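Hi there,

The structure is just below, and my notes come after it.

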Amino acid sequence: MNEDERISIDLGKWFPEAARRVEVLEELKRNWASVVGRPAARWSMPSVLGVKELTVDVWNPMAKSQIINMKGNIASALSLRWGYGVGEDFSLKVYLNGAGKKK
């Protein structure tokens, strides 16, 4: 190999589950309003999809309450729309990043 050649690493091949989570999270972000509804989606956004959990950032206390109550809807959407299996131990973490701040 000379200095003009570069090493190309396919992270999706090395870490397929992590790559899949990234893809599902991006789809969830794009379709967030259809999953949780417009009022809640206006003040929230999913930020991290882990193996058994989803982290959602919210900017309004009322939206935080609404998102927490939608855990089942969110889990169903992940499972049915994107084939991301969530088990019984799936958790939803919702963090308030400052009341009244828009995304």
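Predicted model: local features only at pLDDT ≥ 70, side-chain atom pairs only at ≥ 80, totals over all residues.

The protein has six helices and three strands, and from the N terminus the elements run α-α-α-α-β-β-α-α-β. Of its 103 residues, 32% count as buried. Among contacts between residues at least 6 apart in sequence, 63% join residues at least 24 apart.

E1 (44-49) and E2 (53-58) form a hairpin with three residues between them. These two strands run antiparallel and are joined by five bridges; Ser44 stands opposite Val58 in E2. On the pairing of E2 with E3 (91-96), the direction is parallel, with six bridges, and here Leu54 stands opposite Leu92 in E3. E2, then, pairs with E1 and also with E3. E2 is mostly covered, as five of its six residues are buried.

Leu54 deserves a look of its own. Leaving aside neighbours within four places in sequence, Leu54 is in contact with Leu25, Leu28, Pro46, Val48, Leu49, Ile74, Phe90, Ser91, Leu92 and Lys93.

In soluble globular proteins, nonpolar side chains tend to be buried together. In this model the largest nonpolar core has 23 residues, and those with the most contacts inside it are Trp32, Val36, Leu54, Ile67, Ile74 and Leu78. The elements that give two or more residues to this core are H2, H3, helix H4 (38-42), E2, H6 and E3. Which element gives the largest share of this core? That is H6, with five residues.

H6 covers residues 71-82, twelve in number, and reaches 16 Å from its first C-alpha to its last, close to the 16 Å expected at 1.5 Å a residue. Its buried residues are Ile74, Ala75, Ala77, Leu78 and Trp82. They cover an arc of only 155° around the axis, which puts them on the same side of H6. An α-helix has 3.6 residues a turn, so residues three or four places apart point the same way. The buried residues of H6 pack against helix H2 (16-30), helix H3 (32-36), helix H5 (61-69) and the strands E1, E2 and E3. After H6 comes Gly83, whose phi is positive, near 65°.

Helix H2 can be read in a similar fashion. H2 has 15 residues and reaches 21 Å from its first C-alpha to its last, close to the 21 Å expected at 1.5 Å a residue. The buried residues here are Arg21, Val24, Leu25 and Leu28. They cover an arc of only 105° around the axis, which puts them on the same side of H2. On the other side of H2, Val22 and Arg30 are exposed. What covers the buried residues of H2 includes H3, E1, E2 and H6.

Two residues are left, and I would be glad if you looked at both in the viewer.

Is Val22, in helix H2, buried or exposed? Its relative accessibility is 52%, and therefore Val22 counts as exposed, the cut-off being over 50%. Val22 and Leu49 are 27 residues apart in sequence and 7.4 Å apart in space, C-alpha to C-alpha.

The other is Asn31, which is found in the loop between H2 and H3. At 26% relative accessibility, Asn31 counts as partly exposed. A polar atom of the Asn31 side chain lies 2.8 Å from the backbone oxygen of Glu27. Leaving aside neighbours within four places in sequence, Asn31 is in contact with Arg81 and Trp82. Trp82 is also one of the buried residues of H6. The C-alpha atoms of Asn31 and Ala41, ten residues apart along the chain, are separated by 9.5 Å.

That is everything on my side. Do write back with any questions once you have had a look.

All the best

Note on methods. Residues numbered from 1 in each chain as written. Heavy atoms only, no water. Helix = DSSP H or I, 4+ residues; strand = E, 2+ residues; numbered from the N terminus. Expected span 1.5 Å × (residues − 1). Buried < 20%, exposed > 50% of the residue type's maximum accessible area, 1.4 Å probe, protein only. Arc of directions from axis to C-beta. Contact = heavy atoms within 4.5 Å. Core = buried A, V, L, I, M, F, W, Y, C linked by side-chain atoms within 4.5 Å. Pairing = 2+ DSSP bridges. Polar contact = N/O pair within 3.5 Å; in protein donor to acceptor, adjacent residues only side chain to side chain.
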